Amino acid sequence: MSSTLKGITLKGSAELVAEFFSFGINSILYQRGIYPPETFTRVTQYDMSLYLTVDPKLKTYLNSVVSQLKEWLFDCTVQKLVVVISCLETNEVLERWQFDIECDKSAKESSAPREKSIKSIQEEIRSVIRQITATVTFLPLLETACAFDLLVYTDKDLVVPEKWEESGPQMIIDSEEVRLRSFTTTIHKVNSMLSMCSRAVYVPVPLAPCPCFCFPPFSLPQSVLWVFQHSTCCK
Amino acid sequence: MSEEPISMVSVRILERYGCNLNYEPNESVVLRLQHLGVDGTAVLPAEMSSQSDAAARDATERLESVRLEKTSGGGSAHAGRERQAEPLTTGARSPPSRDTEKGDLPATAGLQLEKVSAEGHSESQTTEKQQLTYTSPSPVGSTGGTSAFKRPTSEATGTCAEPDDGEIRRTAKEKGCVSVVFPGTVTQDSCYKFVCEIIKCVLYQRQQLPMMYDQLVFYQRRQQAASQVEDVVVRRPAKTDGWDWRKCQRTLQEVEELLQQLENLFSLSQVPRVLLLLGGTITLPKELYEVNMEALMAGAGAGRSLRTAPCLRQLFRTLFVADILSDARPVRLMATTVMALGHRDCGVGWFRPKLNYRVPTQVKRHVISLSSEPTLCGHGPVKPADWEDYVWFQAPVTVKGFCK
């Protein structure tokens with residue numbers, strides 16, 4: 001990572017922020033049950049236990065997005081990253097995790113590292129990811145099979161890369177928002193916000209675990225597919 | 001395994017200046033990376049794992065019926081029938097719940113009511129004792145469905161006295177107080193669950209646990225189940241996956257015992273206040289959190305009560321917005337002690353009475369104040385209860401945090 005013990009460079013900042021998005025997106029997918037929990041592996045990052053997907057196609061997709069994002073972060077041409085969670089059947093957008101990115105473009109002219117340690121940046125990132133995890137305590141359960149999409153807001157005059165296309169913003173009608181914490185590398189600042197459909201509906205969640213403990217308490221990610229795969233345990 | 005080539009499908013350039021694109025004031029464009037499915041159509045990544053989602057939905061309904069069979073018998077048969085009214089079907093609008101069929105009370109849209117039996121116990125206590133149920137209320141005649149977050153309105157005033165997020169944050173920062181006002185009364189069991197979940201939340205958010213408590217329990221049990229499958233005794237190192245499982249088990253046992261004994265205390269006495277003391281001593285802790293339910297307790301049992309689950313969501317959303325628990329700085333591992341205010345003659349055995357205990361004043365106290373909106377409870381303001389006969393009880397077990 002291009003950073004010195006005393007500070008951080010533009011390249012290092014882009015890498016840190018891209019790394020955050022990689023873990024952050026994985027955390028959202030895990031906690032919201034978009035993919036079954038057994039398709040995730042537990043790793044230690046930012047001095048905490050996080051989950052990364054082991055699904056090869058999903059990994060490839062996320063790696064493509066994150067690597068492109070790193071370039072845009074270095075060029076200071078990216079403004080937002082949005083994780084959109086929508087109902088697979090109706091395409092209704094249920095949640096929108098929006099990460100606003102502010103870039104200090106003066107860092108492009110000066111190569112002098114900024115005085116902020118990687119450790120302190122990672123501590124701020126940790127608090128954001130902890131908040132993402134904490135949202136399961138009040139977010140409504142996603143009762144339907146869901147899909148996710150990643151949208152990146154870039155400068156208008158940017159040349160669209162080969163494997164990308166323009167998209168609509170996929171906003172939520174009648175939404176409610178909560179703000180999460182932000183973090184800054186002094187070069188890039190990331191502000192996080194969650195919008196959810198205010199017409200959220202509860203679903204009953206049986207909580208009594210079966211004897212083999214295949215069904216988790218309510219705060220674990222709820223995935224229709226996961227429930228399906230474990231249904232055979234409950235005889 | 002060969003991977004699908006990633007290539008762009010036919011570009012769908014949306015109307016640049018039409019309603020489909022939303023250009024921000026600083027003129028941005030929204031881009032997305034597409035992924036090809038097996039038949040060449042554009043497929044969102046989640047769809048690749050959910051090709052059998054139709055079968056999954058069928059299986060989910062089968063699972064629901066299996067679970068109903070498993071839980072039938074005795075008191076839980078009632079819970080089974082209740083769940084049966086709200087199947088896990090995609091996109092299906094759930095039928096009106098049993099409670100609302102009996103007639104809506106004012107300001108109940110969005111929150112379910114529990115019937116309180118003659119003994120003062122809610123149905124959820126007798127039939128779903130260990131469970132938090134989330135019903136899918138669709139009151140007859142409702143227009144916009146229900147919302148986890150929209151506050152029910154008073155028929156009289158048509159308005160809710162609900163602070164906005166900025167005010168919640170400001171009050172929390174300036175006064176160290178987070179106030180949650182429920183639109184109705186709650187049961188004693190609900191009060192226990194509030195405290196229980198707050199304890200779990202504090203332990204995780206204050207970095208005393210590496211992941212959320214319930215997730216930790218789940219993975220620890222899976223670890224145990226996996227080790228029991230082996231036919232021979234296997235000596236495994238205490239640390240696997242970077243975790244000290246012995247410490248994990250110890251902490252989980254401490255928390256489990258604490259929560260069980262708290263439940264017992266709540267069954268014996270009203271508990272208007274609970275203190276969570278982290279680090280230091282009980283007279284001078286490093287951190288102090290109080291759950292104050294004096295106003296909530298005062299109105300408990302008066303008429304029909306709210307369901308626990310929506311109240312929990314309201315509580316944790318408010319806590320989230322107030323942001324009193326998260327900290328960018330690392331918090332070192334500490335021992336957590338719980339003190340609870342209970343009736344001096346309640347007969348609780350596990351907790352130790354501390355007759356001369358005073359709440360520390362030299363440490364900043366974060367107060368989570370829970371109360372009921374009196375105008376929505378169907379009765380006037382409740383006279384504050386007299387807590388003179390209540391003393392502090394200390395949990396004999398401290399919860400020692402562990403990170404890995």
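Q: Which strands make up the open sheet, and in what order?
A: Strands of a sheet pair through backbone hydrogen bonds, either parallel or antiparallel. In this predicted model, an open sheet holds 7 strands in the order 6(A)-1(B)-5(A)-3(A)-4(A)-8(A)-7(A), and the pairing is antiparallel.

Q: How many bridges join strand 3 of chain A to strand 4 of chain A?
A: In a regular strand the side chains alternate between the two faces of the sheet. Strand 3 (residues 78-87) and strand 4 (residues 93-103) of chain A run antiparallel and are joined by 7 bridges. One pair to look for is A:Val83, whose bridge partner in strand 4 of chain A is A:Trp97.

Q: Which helix lies across strand 3, strand 4 and strand 5 of chain A?
A: Helix 2 (residues 56-75) of chain A does, and it also lies across strand 6 and strand 8 (188-197) of chain A and strand 1 (28-33) of chain B. Helix 2 of chain A runs at about 15 degrees to strand 5 (146-155) of chain A. Helix 4 (residues 118-134) of chain A also packs on the sheet, where it touches strand 4, strand 7 and strand 8 of chain A. The direction of helix 4 makes about 160 degrees with that of strand 7 of chain A.

Q: Which residues touch the most other members of the largest nonpolar core?
A: That core has 148 residues, and the two that touch the most other members are A:Phe148 and B:Leu315. Helix 1 (residues 10-31) of chain A gives the core its largest share, 12 residues. Another core, of 8 residues, lies apart from it; among its members are A:Val84, A:Tyr153, A:Ile172 and B:Val30.

Q: What is B:Leu315 in contact with, leaving aside its neighbours within four places in sequence?
A: Its contacts are B:Val180, B:Phe182, B:Phe194, B:Ile198, B:Ile368 and B:Leu370.

Q: Is helix 11 of chain B mostly covered or uncovered?
A: Helix 11 (residues 308-322) of chain B is mostly covered, with 15 of its 15 residues buried. From its first C-alpha to its last this helix reaches 21 Å, close to the 21 Å expected at 1.5 Å a residue. After helix 11 of chain B comes B:Asp323, with a positive phi near 55 degrees.

Q: Why is helix 1 of chain A described as largely enclosed?
A: Of its 22 residues, 19 are buried, so the rest of the structure largely encloses helix 1 of chain A. Its length can be checked too: at 1.5 Å a residue the 22 residues should span 32 Å, which agrees with the 31 Å between the end C-alpha atoms. A:Gly33 follows helix 1 of chain A and has a positive phi, near 70 degrees.

Q: What do strand 1 and strand 2 of chain A form?
A: They form a hairpin with 2 residues between them, and A:Tyr46 in the turn has a positive phi of about 55 degrees. Strand 1 (residues 40-45) and strand 2 of chain A pair in the antiparallel sense over 6 bridges. Within this pairing, A:Val43 stands opposite A:Leu50. Strand 2 (residues 48-53) of chain A is mostly covered, since 5 of its 6 residues are buried.

Key:
Residues numbered from 1 in each chain as written. Chains lettered and ligands numbered in written order. Predicted model: local features only at pLDDT ≥ 70, side-chain atom pairs only at ≥ 80, totals over all residues. Heavy atoms only, no water. Pairing = 2+ DSSP bridges. Helix = DSSP H or I, 4+ residues; strand = E, 2+ residues; numbered from the N terminus. Contact = heavy atoms within 4.5 Å. Axes fitted to C-alpha atoms, helices over the stretch in contact; angles between N-to-C directions. Core = buried A, V, L, I, M, F, W, Y, C linked by side-chain atoms within 4.5 Å. Buried < 20%, exposed > 50% of the residue type's maximum accessible area, 1.4 Å probe, protein only. Expected span 1.5 Å × (residues − 1).
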